[in-house]
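Short notes only, in the order I looked things up.

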Amino acid sequence: GASCPLRYRYGAAALADPGVEEIPARTLLVVGGLYGNVEALSALEEMVEAEEAIYGVRPVVVFNGDFNFFNADAASMLLIPRLS
């Protein structure tokens, strides 16, 4: 498998930056490993909608950087903003 170079990684200090705005969330979904998998993105979208329907609050979704594979072509690129 592939791994990211060290320069792509964030240390604990970056994650604990007091200047970063906090986003309150009932549910936080951290998404990694999509790598352009449109079916997985659709399943995620269904999870977000279900969570919102049950609790009345939209969950916060954080992508782990690998969504870049969706820009391989114009049609795939248009899928990215669906969860924003």
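What do the buried residues of α2 pack against? I looked, and they pack against β1 (28–31) and β2 (60–63). For me, contact means heavy atoms within 4.5 Å, and buried means under 20% relative accessible area, exposed over 50%, partly exposed in between (1.4 Å probe, protein chains only).

Ground rules. I'm working on a predicted model, where local features need pLDDT of at least 70 and side-chain atom pairs count only at pLDDT 80 or more, while totals for chains, interfaces and linings use all residues. Residues are numbered from 1 along each chain as its sequence is written, and side-chain values use heavy atoms, with hydrogens and water left out.

Overall layout. I find three helices and two strands, in the order α-β-α-β-α along the sequence. I take helices (H or I, at least four residues) and strands (E, at least two) as DSSP runs, numbered from the N terminus. Of the 84 residues, 18% count as buried. Among contacts between residues at least 6 apart in sequence, 64% join residues at least 24 apart. The protein exposes about 6,500 Å², with 58% of it supplied by carbon and sulfur atoms; that area comes from the Shrake-Rupley method with a 1.4 Å probe.

Back to α2. I checked its length: 18 residues (38–55) should span 26 Å at 1.5 Å a residue, and the end C-alpha atoms are 26 Å apart, which agrees. The expected span is 1.5 Å times one less than the number of residues. Next I listed the buried residues of α2: Leu 41, Leu 44, Glu 45, Val 48 and Glu 51. They cover an arc of only 125 degrees around the axis, so they sit on the same side of α2; the arc is taken from the directions from the helix axis to the C-beta atoms. Turned away from that side, I see the exposed residues Glu 39, Glu 46, Ala 53 and Ile 54. Gly 56 follows α2, and its phi is positive, near 75 degrees.

Salt bridges. I count one when a side-chain nitrogen of Lys or Arg is within 4 Å of a carboxyl oxygen of Asp or Glu, and that rule gives two. Arg 26 pairs with Glu 51, the closest N and O atoms being 3.4 Å apart. Arg 26 lies in the loop between α1 (12–15) and β1, and Glu 51 in helix α2, 25 residues apart. Glu 51 counts as buried because its relative accessibility is 18%. My other pair is Glu 52 with Arg 58 (3.0 Å, N to O). Glu 52 is partly exposed at 31%, and Arg 58 is partly exposed at 36%.
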